[in-house]
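Reader: I'd like to go through the labels on this one and hear what stands behind each.

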Amino acid sequence: MATRAQASTLRMTFWQKMALGLALFIAFGFAQFSARGFVDLGHIPAYIHLHALVMLGWLGLTVAQPMLAERRDRALHRKLGWIGAVLAALIVGLGSYVAIKVIAAHHVPPFFTPPYFLALTQIGLIAFGGLVAAGIARRRETQWHRRLIIGSTVMLMEPALGRILPMPLIMPWGEWAVLLVQIGALAIVAGHDRRTLGAVHPATISSMAVVTLTHFVVELLAIASPVVALAGRIGGA
């Protein structure tokens with residue numbers, strides 16, 4: 001009996017596996033980039049280190065929360081959920097600030113134009129924050145909540161994929177490759193929906209729509225005159 005109980009405890013649910021997989025993938029994307037010598041850790045500004053710590057905190061919570069839900073520890077799950085809300089707000093605020101500082105310092109990756117980088121980062125952060133906000137608003141509806149939070153974390157795959165994919169070689173199609181990977185991650189959720197619910201849950205469809213729409217909005221804004229002018233002012237042009 002004890003062995004059976006231990007096996008049940010060690011067995012991971014789909015949502016635990018999904019959260020852990022996304023967290024490991026995103027962490028790996030940044031870690032391998034640094035390990036390949038593309039990051040000078042000694043000269044990185046403190047606000048970027050802070051942004052990285054906040055991101056790690058979010059990923060850690062993303063992994064912990066499904067475990068707490070499975071254990072029925074609702075009190076701690078709720079408390080950590082509000083910490084997650086604060087972390088999400090910090091990710092949006094710090095992420096926006098870091099992107100603007102990168103443009104101002106003329107450190108935009110060479111395969112992006114400054115307007116494209118500005119649109120990509122700001123719209124991506126808005127989409128992330130929107131999905132988190134929707135997940136919080138529907139926190140009492142478990143099926144909606146867990147899928148919207150997973151969708152928001154899929155949005156964070158974008159910067160990790162930018163460091164994994166050979167972007168200089170595949171642009172201008174790189175962002176569409178990113179979209180395919182993101183949709184692929186959500187397709188795993190859709191497959192789970194079909195197996196367990198008989199149909200794809202509206203929250204999964206909504207997450208797919210937000211992720212897809214984000215890329216189209218970025219493409220349009222990157223060539224819009226106001227965004228081009230704003231990126232120029234930030235860069236001192």
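Author: Here are a few labels, each set against its cut-off.

Author: This is a predicted model, where local features need pLDDT of at least 70, side-chain atom pairs count only at pLDDT 80 or more, and totals for chains, interfaces and linings use all residues. Numbering runs from 1 along each chain as its sequence is written, and side-chain values use heavy atoms, with hydrogens and water left out.

Reader: Why is Leu125 called buried?

Author: Buried means under 20% relative accessible area, exposed over 50%, and partly exposed in between, with a 1.4 Å probe and protein chains only. Leu125 has 13% relative accessibility, so it counts as buried. Leu125 sits in helix α5; helices are DSSP runs of H or I, at least four residues, numbered from the N terminus.

Reader: What is Leu125 in contact with?

Author: Contact means heavy atoms within 4.5 Å. Leaving aside neighbours within four places in sequence, Leu125 is in contact with Ile91, Val92, Gly95 and Ser96.

Reader: Why is Arg72 called exposed, and what about His106?

Author: Arg72 has a relative accessible area of 58%, so it is exposed. His106, at 59% relative accessibility, therefore counts as exposed. Arg72 lies in the loop between α3 and α4, and His106 in the loop between α4 and α5.

Reader: What is phi in Arg72 and in His106?

Author: Arg72 has a positive phi of about 65° although it is not a glycine, and His106 has a positive one near 60°. Most residues other than glycine have a negative phi.

Reader: How do you know that the length of α2 agrees with its residue count?

Author: The expected span is 1.5 Å times one less than the number of residues. The 22 residues of α2 (residues 14-35) should therefore span 32 Å, and the end C-alpha atoms are 31 Å apart, which agrees. Among the buried residues of α2 are Trp15, Leu22 and Ile26, and what covers the buried residues includes α3, α6, α7 and α9.

Reader: What makes a nonpolar core, and which residues have the most contacts inside the largest?

Author: A core is a set of buried Ala, Val, Leu, Ile, Met, Phe, Trp, Tyr and Cys residues joined through side-chain atoms within 4.5 Å. The largest has 62 residues, and Trp58, Ile91, Phe128, Ile150 and Val154 have the most contacts inside it. Helix α5 gives the most to this core, with 11 residues. Not counting residues up to four places away in sequence, Phe128 touches Trp58, Ala88, Ile91, Val92, Ser152, Met155 and Leu156.

Technical notes: Helices (H or I, at least four residues) and strands (E, at least two) are DSSP runs, numbered from the N terminus.
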